Amino acid sequence: AVVSTQSTGNEKTTNRSRNIFKGVLDLERCVVVCESRKAKGAGFHRMGIQSKEGFTFQPEEALIQVEYGVLEVFHDKISRVPYCLQSLYELLLPSISLAFYQTFSHLTRLGYCVRRVMRKVESSGGVESTSGVESTSGGVESI
């Protein structure tokens, strides 16, 4: 990382130039796909699923990565202007509850590794669905 220090009067400010990863929002699957195959940064080793496409982030993982400043999310691969955080909230929060995101972000900031666990849940109508969240303590809660 390149570090530059500027002096403005009596205070010094430090600007660090670092790699900011770029992702594309896939609204059909409600995920963000980042083409980078190298796990660098605040949460790339703890969040997302690595595949042949790169990293795939669930909505809550993408939002927290944007908040950390390590991921920019674009509409498509040729866009030059990333979504602002407020726009991403409006696009991604309807797919998860606000309470779920607040819990996820709070636990993540405390240092817990919170990941979704997909398990089959049988409903009364005989339709199977998948849901669940697992924390590092190993407990599983249905959402």
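## Overall architecture

In what order do the five strands of the open sheet lie? In this predicted model, the order is β5-β6-β4-β3-β7, and the pairing is mixed. From one strand to the next, the twist averages 30°.

The protein as a whole contains three helices and ten strands. Read from the N terminus, its elements follow the sequence β-β-β-β-β-β-α-β-α-α-β-β-β. Of its 143 residues, 30% count as buried. Among contacts between residues at least 6 apart in sequence, 38% join residues at least 24 apart.

## Strand pairing around β6

Strands of a sheet pair through backbone hydrogen bonds, in either a parallel or an antiparallel sense. Strand β4 (residues 31-34) and strand β6 (residues 54-57) run antiparallel and are joined by three bridges. Within this pairing, cysteine 34 has phenylalanine 55 of β6 as its bridge partner, while valine 32 is partnered by phenylalanine 57 of β6.

Strand β5 also pairs with β6 in the antiparallel sense, again over three bridges. The two strands form a hairpin, with two residues between them. Here the bridge partner of glutamine 50 is phenylalanine 55 in β6.

Threonine 56 belongs to strand β6. Its relative accessibility is 12%, so threonine 56 counts as buried, the cut-off being under 20%.

Which residues does threonine 56 contact, leaving aside its neighbours within four places in sequence? They are Val31, Val32, Val33, Gly48, Ile49, Ser51 and Glu61.

The buried residues of α1 are Pro59, Glu60, Glu61, Ala62, Leu63, Ile64, Gln65 and Val66. Just after the helix, glycine 69 adopts a positive phi of about 85°.

## Packing of α1 against α2

Two packed helices are described by the angle between their axes and the distance between the axes. For α1 and helix α2 (residues 85-92), the angle is about 175° and the axes lie 11 Å apart. Because this angle is over 145 degrees, α1 is roughly antiparallel to α2.

Which residues of the two helices meet? On the α1 side they are Pro59, Ala62, Leu63, Val66 and Glu67, and on the α2 side Leu85, Leu88, Tyr89 and Leu92. The residues of this contact divide into eight nonpolar, no polar and one charged. Pro59, Ala62, Leu63 and Val66, which take part in the contact, are also among the buried residues of α1.

An α-helix has 3.6 residues a turn, so residues three or four places apart point the same way.

## Two loop residues

Cysteine 30 lies in the loop between β3 (21-26) and β4. Most residues other than glycine have a negative phi. Cysteine 30, although not a glycine, has a positive phi of about 55°. With a relative accessible area of 16%, cysteine 30 is buried.

The side chain of aspartate 76 makes a polar contact of 2.7 Å with the side chain of serine 79. A polar atom of the aspartate 76 side chain also lies 3.2 Å from the backbone nitrogen of isoleucine 78. Aspartate 76 and valine 24 are 52 residues apart in sequence, yet their C-alpha atoms are 5.5 Å apart in space.

Definitions and conventions: Residues numbered from 1 in each chain as written. Predicted model: local features only at pLDDT ≥ 70, side-chain atom pairs only at ≥ 80, totals over all residues. Heavy atoms only, no water. Pairing = 2+ DSSP bridges. Helix = DSSP H or I, 4+ residues; strand = E, 2+ residues; numbered from the N terminus. Axes fitted to C-alpha atoms, helices over the stretch in contact; angles between N-to-C directions. Parallel < 35°, antiparallel > 145°, perpendicular 65-115°, else oblique. Contact = heavy atoms within 4.5 Å. Nonpolar A, V, L, I, M, F, W, Y, C, P; charged D, E, K, R; others polar. Buried < 20%, exposed > 50% of the residue type's maximum accessible area, 1.4 Å probe, protein only. Polar contact = N/O pair within 3.5 Å; in protein donor to acceptor, adjacent residues only side chain to side chain.
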